[in-house]
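Hello,

I am handing over the structure we spoke about. Please open it and keep it in view while you read. My notes follow.

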Amino acid sequence: MADLSLITPIEYLKGVGPQKADVIKKELQVFTIGDLLSYYPFRYIDRTVFHKIRQLDADMYSAQVLGRLIGLKEVGEKKGKRLVGQFKDETGSIELVWFQSITWLQKSLKVGAVYVMYGKPSVFNGQISITHPEMEPYQAQAKNLGNMTLQPVYSSTEKLKKFNLDSKGIQKLQQTALETVFRQLPEQMPAYLLEKHQLMDQARATIAIHFPQSQEELTQAIKRIKFDELFYIQLKLLKNKQLNTKKFRGQIFSKVGDKFNTFFKERIPFPLTNAQKRVVKEIRQDTVTGAQMNRLVQGDVGSGKTVVALLTMLLAIDNGFQACMMAPTEILATQHFTGLKELLGEDICNIKLLTGSTTTKQRRVIHEELENGTLDILIGTHALIEDKVQFKNLGFVVIDEQHRFGVEQRAKLWRKNSIPPHMLVMTATPIPRTLAMTMYGDLDISVIDELPAGRKPIKTVHFFESSRLRMFGLMREEIAKGRQVYVVFPLIKESEKLDLLYLEAGLENIQREFPLPDYKISIVHGKMPVKDKDFEMQRFVKHETQIMVATTVIEVGVNVPNASVMVIENSERFGLSQLHQLRGRVGRGAEQSFCVLMSGNKLSKEGKLRLNTMVRTNDGFEIAEVDLELRGPGDISGTQQSGVLELKLANLATDQQLLSEARNSVIDIFKEDPEMIEERHALLRQYLAKKSDGITWDKIS
C-alpha cells in the first residue's frame, strides 16, 4: 500500500485491476490515481431523505425509496427490449425500467431483496415509473464517508456500469484512492497566496470536493480548485510571454517614413477613429522595443482593422522590411488585395496577390520580386506558407481570422526570416475578456471598439413565421431604393439533404414573391462547385442580382456596401456568434441597414434569449459574453486547438472575478520576482520546471 502515489497507474488501485482500468482509461481519460481524484462529482444529493411510493410525483428532481424488489422480467424484442422490475413498500408499488445493461442487471439484482432505490420519477401511461434507477442493497450498518446530506454523484457511462462502475462504484474508488494517497497530497500553492486569497489547503480541498462535511466546506473546496486551475493557466501563459520577449529578438522599426506619412496624410479616405489611433500607437510602441511582437487586434466587423493593418505594414516597409497578410479563403484574400490596392493607389508600394488560382507565370514574377526585395506586400491564402515562398527580409506578418489557422501554419510564417517577424493577428469574432485572457494570455490584446463615423447601427428585428409578409414588404422597399438583400438558410451537418429542401422551398417562395424580369436572384450553397459559387457571388457583388439566397454562412468578410438587408431564416438554429457575424455582412455603406431574424413560433428558452440579445444590442463583446454563458468556452473560436483550457471546475463565463484575481496574482509575482528565485516561490518554480518542454508550437500564437 505504502508505495502507491498520485502518479501510480490506475490499475494498481485496490478494486481496479487491468480490465476495469482499460475501461476507465477509455471512458473517463483517467490514467493515474491523481487523475481519478481530479474526476469531480457533477452534483451532490441528500441521501438522508426517504420518500414513500405514495408520495412520488413527476415534478420531483429525484427521489430515494426503501423497498423490496418483488418481480423482474424482460419485455419486448430487439431495439424495444427492456427490463421491467416491480418495486414496493408499505404504501404501494411502482414500475422500474431499464433499457441498457440488461444482462448485467439480471445477474446482479435479486428478486425478494430489500434495496435503496434512487432515481427520477416520471409518468408513463398515467402511472408513475422510474427509468434507470440506481439500486443499492440495503445495509443497516453501512459506513458512509462525508455528510449524508451531500453525497457525490459522478457521471458514468453504460460501459462503466457493466463493471459495477456507476456513480456509487466510482464513489467507492474515490474513497479507496483517498485512503491510499491521502498523506501524499502535495501543496502546490505558496502559503502567502493561500492566506492572501483565503483558500483552504490542497489536501483538505481534495477530500472535501468528494466528501464534503458541510455546504460551507464544499463551497471553499470548489473555490480552491477553481483558483488553482485558473492560476496555473495564467502562470504558464505569462511565463511563455516572458520567455518570448527575452528569447526572440524583434526587428526594430525606428522611423516613421515617407510611405506611412504620404498614406496617412493624403490617401486615407476617412479620419481614423480614436480606437484605431490607439491601436496603431500600441503597435508602434511594440516595434521599437527590440522584442518580437505578438499582438491580437479584435474588433467588430466594419471597425476598420484592415486600415490599421495597412498602416503598420507601411511602417515595416519604411524601415526596409517586407510585409505579408494571410487570409483563410481565396475570396477574402482577393477582397483584402483589392481593398488595399484601392487605398494605396499605384505609387506608394508594390503589392501582389498569391492564391491557389495564381498562374505559374504570375507566381514566377512574385517569387523573383520577393527574393530580390522589390515586392513590398504580399497578400494571400495558405499558399504563403509553401516552402517555395522565400522573402528577402520579412519583418511584419498580419493574420486575418486567426482561429481558422492551425498553430503550425502560423509557425511556418514565423520561420520565414532569421529574426522572427512581428505578428499581428486580427479577428472579427469578439472574444469575451475572460476568454481572451485565457486563450490568448500570451498575446498583447488591442480592441477596436468604435465604428467609423457615418456608419449607422444596424436595426435588428425578430419576426415569427406569421409576419412573413412584413419581411417581404421590407425587402421590396429596400430593393426599390436600389439596395440588395441577403437571405440565409441554416446548414446543419446532420441533415444537409433536409437543409437543401429548406433552401429549395424557401427559394420557390422568394421566386414567387420576386418574379423575373423585375428581380434577379443569386443562389449559393455548399454543394455547388467553387467555380459556380464564385460566379454567383460576383454577380451579386457587381449588382447584377438584387437578392442573394445562401445556405452556407456567406464567406466571412464578403464586402458588398450596397447590401442593406440580411434576412436569416430559422434564426433559432444559429448560434449567437454566427448570427452576429451574419448581421455584419450588411451595414457596410452609409445607408440604414436591417437584419431580420425569422423564426418558428415555438422557441426554447435559450432560443428566445439569443434572439432577444441580437435585437437588443449591436455590441459584439456583449454578445460574446452571453454566448459564452450559453455555450461554455469549448466551442468559441476553436479553443480546443489551444490545449490551454484544461478546466474541470472553473467556468470562464461565471468565474470572471476569480480569473482576474488569479491573473493579477501572477502578474504581481512576475513583477516582484521575475525569475522566481525567492524561497516563497519554490513550489511555482518546481511546477514550471515539471511542465515546460522548451518552446513548443503553442508559444507561437
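Leaving aside neighbours within four places in sequence, phenylalanine 253 is in contact with Arg284, Thr287, Val288, Leu315, Ala316, Asn319, Phe321, Gly395, Phe396 and His422. Contact here means heavy atoms within 4.5 Å. Phenylalanine 253 sits in the loop between helix 8 (215-247) and helix 9 (258-267). Helices (H or I, at least four residues) and strands (E, at least two) are DSSP runs, numbered from the N terminus. Phenylalanine 253 is buried, at a relative accessible area of 0%. Buried means under 20% relative accessible area, exposed over 50%, and partly exposed in between (1.4 Å probe, protein chains only). Proline 674 is 421 residues from phenylalanine 253 along the chain, and their C-alpha atoms are separated by 27 Å.

Before you go on, note that this is a predicted model: local features need pLDDT of at least 70, side-chain atom pairs count only at pLDDT 80 or more, and totals for chains, interfaces and linings use all residues. Residues are numbered from 1 along each chain as its sequence is written, and side-chain values use heavy atoms, with hydrogens and water left out.

Six strands form an open sheet with parallel pairing, in the order 17-22-21-18-20-19. Two strands pair if DSSP finds at least two bridges between them. At the edges are strand 17 (459-464) and strand 19 (521-524), each pairing on one side only. Neighbouring strands of this sheet are turned by 15° against each other on average, direction ignored. Axes are lines fitted to C-alpha atoms, for helices over the stretch in contact, and angles run from 0 to 180 degrees between N-to-C directions.

Here are the pairings. Strand 17 and strand 22 run parallel, joined by six bridges. Histidine 462 has leucine 597 of strand 22 as its bridge partner. Strand 21 and strand 22 also pair in the parallel sense, over four bridges. There, valine 565 stands opposite phenylalanine 594 in strand 22. Strand 18 (residues 484-488) is joined to strand 21 (residues 563-568) by five bridges, and the two run parallel. Glutamine 484 stands opposite alanine 563 in strand 21.

Two helices lie against these strands. Helix 19 (residues 576-583) packs on the sheet and touches strand 17, strand 18, strand 21 and strand 22 (594-599). Its direction makes about 155° with that of strand 21. Helix 18 (residues 530-541) lies across strand 18, strand 19, strand 20 (547-550) and strand 21. Helix 18 runs at about 145° to strand 19.

How many residues of strand 22 are buried? Six of the six are, so strand 22 is largely enclosed by the rest of the structure. Phe594, Val596 and Met598 point one way from strand 22, and Cys595, Leu597 and Ser599 point the other way.

Strand 3 (residues 82-89) and strand 4 (residues 92-98) run antiparallel, joined by seven bridges. Phenylalanine 87 has isoleucine 94 in strand 4 as its bridge partner.

Last, phenylalanine 50. It is found in the loop between strand 1 (43-45) and strand 2 (63-75). Its relative accessibility is 41%, so phenylalanine 50 counts as partly exposed.

Best wishes
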